[in-house]
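This report is intended for a reader who is new to the structure shown below.

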Amino acid sequence: MIVTAHFPVLVIVISMLSAFTILIAGRWNKKTCLPISIATISVQLFMAFFILNQVFTRGTIHYRLGGWAPPWGIEYVIDAFNAYVLVIVLFICLLTAIYAKRSIEREQPHRIVPFYVVFQLLITGLCGITVTGDIFNLYVFLEIASLAAYALIAVAGGRALKASYNYVIMGSIGACFYLLGAGFLYAVTGSLNMADLSHLLPPLYESKVVQAAFVFFVVGLSIKMALFPLHIWQPDAYTYAPSVVTVIIAAAMSKVSIYAFIRVFFSVFTTDFIRIYVPIATAISWIAAIAIIVGSVIAIMQSNLKRMLAYSSVSQVGYIVLGVGLYSTQWGLHGALIHILNHAITKGCLFIVAGAIIYRCGLWNIRDFEGLGKKMPYTCAAFTLAALSMIGIPPSVGFITKLCLLAASLEATEYVFVAVILASTLLNLVYFWRVIERMYFVRGEGEEENEIKMGEAPVSMVLPALILASLCIIVGILWLAGAKTPLLPVVDQAVNALLGTGVVAAP
Amino acid sequence: MMEWLIAEIFAKYNYWVSIVLMLIGFYAMIAKGNLIKKVIGLNIFQTAIFLFFISLADIRGGTEPIVSEEIIHMGYVYVNPLPHVLILTAIVVAVATTAVALALVIRMYEEYGTIEEEEIIEKEREMGL
Amino acid sequence: MMEESIVYSYRPLLAILCPATAAILILLSSKRPNVRESWTIIAGILQFALVASMIPTILNEGVIKCTFFPTMFEGIAFGFKVDAFGLIFALTASFLWILVSFYSIGYMRSLKEHAQTRYYFCFAIAIFGAIGVALSANLLSMFIFFEILTVSTYPLVIHDQSKEAISAGRKYFAYLLTAGVFLLFAIMMTYYLTGTTDFTNGGIKALAELGPAYKLTMVILFFCFLLGFMKAAWMPFHSWLPTAMIAPTPVSALLHAVAVVKAGVFGIVRIVCYIYGVDLMTSLGLGLALACIAGFTMIVANLFAIAQDNLKKRLAYSTINQLSYIILGAGLLTTEGIRGAMIHIPFHGFMKITLFLCAGAIMVATGKKNISEMGGVGKTMPVTMLAFTITAFGMCGIPPACGFISKWFLCQGALQAGEIVFLFVLLIASFLDVVYFFPIIHTAFFKKPEGVAEEVEVRVKEAPLFMLVPLSITAIFSVIFFLDFILGLNIISMYFYKLVEIAVGNVVP
């Protein structure tokens, strides 16, 4: 019982300790890195599930770091939303770690030890962002995660260096904006605790300082989560990073940035503030709608698979933000939170497949994918399932997102958003079907069908892809089944907490 | 009007200084083609925010926040220590960011033989892709 | 409308699981063709038995329900509800699947087609979708199966994998998934307006009670539904269907004469009778609009058909025409009209599948695809051409095939509605049917094969038995349906008349 009470902090600490352990053990033997990493993430995942269960049954967890009472000490607050994101992130990390084994051996054989060290630090940062209830602490973890990500992207060398450098500059601007916002809030309230702030701020809502702080937060975090038009660092970073790194930053890290965005939006500030003082919801919805369309259209023009997926991510972030913008409807915020899981699964799977194709065949140009369906049947099957989910074919997860957002837009009587969501279905179809058509149906010139021999990627790479691909369907059905499964109630609870008095109710 | 403006600027000069510094840094980050200059711009930008935080904490005539018998008895005011603590952490972050950015610049110099952004783009184009 | 007795049963679920399980087993036994194909046949027979076992309950004025789970949206449950109308479609599709499975074996093996496992797998999934559409309890469940049907038929359409096939596949997807987008919008809008999407006898009450302020909304919504059911190939959104004829013949036969297109018209009838309801349709004047679209399609499609030389393409245009008979029947909004529409779904299914199977048999036996080359085929393939002739007569509305009956009902429906114009449209369309079917028969029986010297001994050279038997069975059934109209035995015509009777009773007060 005593140990379980400390899970909120242990989930971060063991990750950091394992980073150093890997560093030391790796000097002795390179082969120990992977088992240590996987073991750590498994333990973290177990803790995350435990926390989720506890939050779900007993309500929000408040953990005072070092026993210092808030608002002086740092407080870790975990409600349904944190726990939900934590589980998603750690699950993706676990699959990525398994996937990393062969991928990193091939792509970066000399940097195996540093890779795992930084990888664990990245996970530390991601977990930290999700559990903390303090806006400055969130900044620190955001930077830990970002620094790790800069390093991991740059590992690939060549063009990745430039991509990483741009990410450093953009990311730091984002983080500085965030820090400035935090400074403004501190200047007027003298507090940095989210719960405390949500109580202290309402009388100050008319203050220009508070409103400026809000704008700084929104812009800073929008850069971090690559919301159009602040996404310019993202396509290069996703494209040139090593395959594993792309998976984790696309599937897990972007989700955590979005988590921070939603958290600041609704828990530090409240719906009252957004409705009355800074009516930003409409603007944000429109930006999101443009992001959905523009991201998809640019994705259609790409010939590099990873780059295409990167632009697809731009449009998918738009989905989530659209849901946030429509928070006042019954399904808006639901759609956003549901899509966090959906997109993590789907995009994770797609990037894993992209990496597996590079690993086995060295192909990244969609034009060269002829006959891949025969050569790598399982990988391509995973890709097809995930692509169908992206397009939104029922009963996959993408379909559920579409339903929620449609319901929300109809309730808000915003028919433009309805049209955008529906049009994006067709745009997604265009760029994903191009790939599938190449993989399965287009015949290469002068090659006979029987000549193509099966050459599947190693199990450790195909398995994560298949797990995620099947989850695309299973989770879709679970969402659809609604209240009968534990998934939707968690989101319900999270949404209620976010839209209520501010998640982090005072102890 | 003018007087009011001047009074405003002088009364809150610490904020204005950090705003000016911030804009200088921002300009350098966006407009400079030299990768190192960009990093310097980033540093100026970050430092401006640090100064802003620190000046928040200051109280005119405040002493250092070491609470002793004497201070309590004499009724001295002391400056708020919390921003200092925060900025200490933020400086660490900033240093780490700078380190990563400089490391990247070094690697890019090895790769392309230049640290001018335009030349790098040129070289990339020459290499194909 | 009388009280329905609701029976809760898992039979609809089991019926749907048959093809789904078969699909997985087919994938697993891809290396052994005999095992693989026997899975298809076993699943087909099992499914038909399950569907048929639901007939008695329905005949007792009952409804079989199987709610799987309530969905995240309040008021929408994912589940199945079998009523008389759904059962008609399910019976047709599942029975014809058995026959087409046999036919596929003959066809695919004779032509030594590639990627046979993919073919059988997708076929099973498509049937899964079609039966799901038939048995769904509400629009959302139906939509899910609808999209599964669209996606699973894509690999079948482009089976050939030639450039032409791939561009045909693109067209197919572009049309049908755009339709899906409209349908999804319409469904969510219906849900938003009424809070339910259940198929209700006589229409959803909440929709009818919305009042005159929503009149325009409801009209727009109806056209969104109509666009959503582009699968019904009404003009001008029909051109995917002739293009899709590049698929192997069994696919064209089952999917593009029965499962896919019928799912479209099935959906339209569902919307007309079970979402809007006859009264609301009448008051909004939508029935007339629908009938006009159908009438236009019937005439124009037939004119297109006359111009085609490729047999399958001509049959495709004939399908477009015949589907509009069904839409017209629904649009007339009279008892006899709806009766004609409902009965035409299975009858057209049986007849059109025979025609397609014959076309496939001719292709396998002689390699000919165009009508102009088919001189003398009647002599070399007498059984096939006999079946073709009977069902072609049926298409034109001439006994002894069952096409006569549905046209009879439709004409009565037009009279009942007092729309003499549509009676003429029906008659003109039937006349045009004659214009393009009789030349085929004439060429086959009375013309000499091209480039063959005089008086060569004519040898009978039929397609393999695997193909010949199914097409004979469907042709015989087309005649049986007609006979049973007179005999009234019901059992030999799968109770179609009784089921339609009940369905019409449910829909029209």
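## Contacts between chains

In this predicted model, two pairs of chains are in contact, and chains A and C share the most contacts of the two. Chain B and chain C, by contrast, are joined by no contact. The closest C-alpha atoms of chain B and chain C lie 29 Å apart.

## The largest nonpolar core

The largest nonpolar core holds 465 residues. Within this core, A:W479 and C:Y276 touch the most other members. The element that gives the most to the core is helix α11 of chain C, residues 249–276, with 20 residues. In soluble globular proteins, nonpolar side chains tend to be buried together.

With neighbours within four places in sequence left aside, the residues in contact with C:Y276 include C:G202, C:G203 and C:L207. Also among them are C:M218, C:L221, C:F222 and C:F225, as well as C:I271, C:M281, C:L284 and C:L286.

## The setting of A:Y99

A:Y99 belongs to helix α4 of chain A, which covers residues 80–107. Is A:Y99 buried or exposed? A:Y99 is buried, and its relative accessible area is 0%.

Not counting residues up to four places away in sequence, A:Y99 touches several parts of chain A, including A:S243, A:V244 and A:V247. Other residues that A:Y99 touches are A:F351, A:I352, A:G355 and A:A356, together with A:S460, A:M461 and A:P464. A:A299, which is 200 residues from A:Y99 in sequence, lies 26 Å from A:Y99 in space, C-alpha to C-alpha.

## Cysteines without disulfides

How many disulfides does the structure hold over all chains? The count is zero. C:C18 is accordingly in no disulfide, and its nearest cysteine sulfur, that of C:C66, is 14 Å away. C:C18 is buried, with a relative accessible area of 10%.

Notes:
Residues are numbered from 1 along each chain as its sequence is written. Chains are lettered from A and ligands numbered from 1 in the order in which they are written. This is a predicted model: local features need pLDDT of at least 70, side-chain atom pairs count only at pLDDT 80 or more; totals for chains, interfaces and linings use all residues. Side-chain values use heavy atoms; hydrogens and water are left out. A disulfide is a pair of cysteine sulfur atoms within 2.5 Å. Buried means under 20% relative accessible area, exposed over 50%, partly exposed in between (1.4 Å probe, protein chains only). A nonpolar core is a set of buried Ala, Val, Leu, Ile, Met, Phe, Trp, Tyr and Cys residues joined through side-chain atoms within 4.5 Å. Helices (H or I, at least four residues) and strands (E, at least two) are DSSP runs, numbered from the N terminus. Contact means heavy atoms within 4.5 Å.
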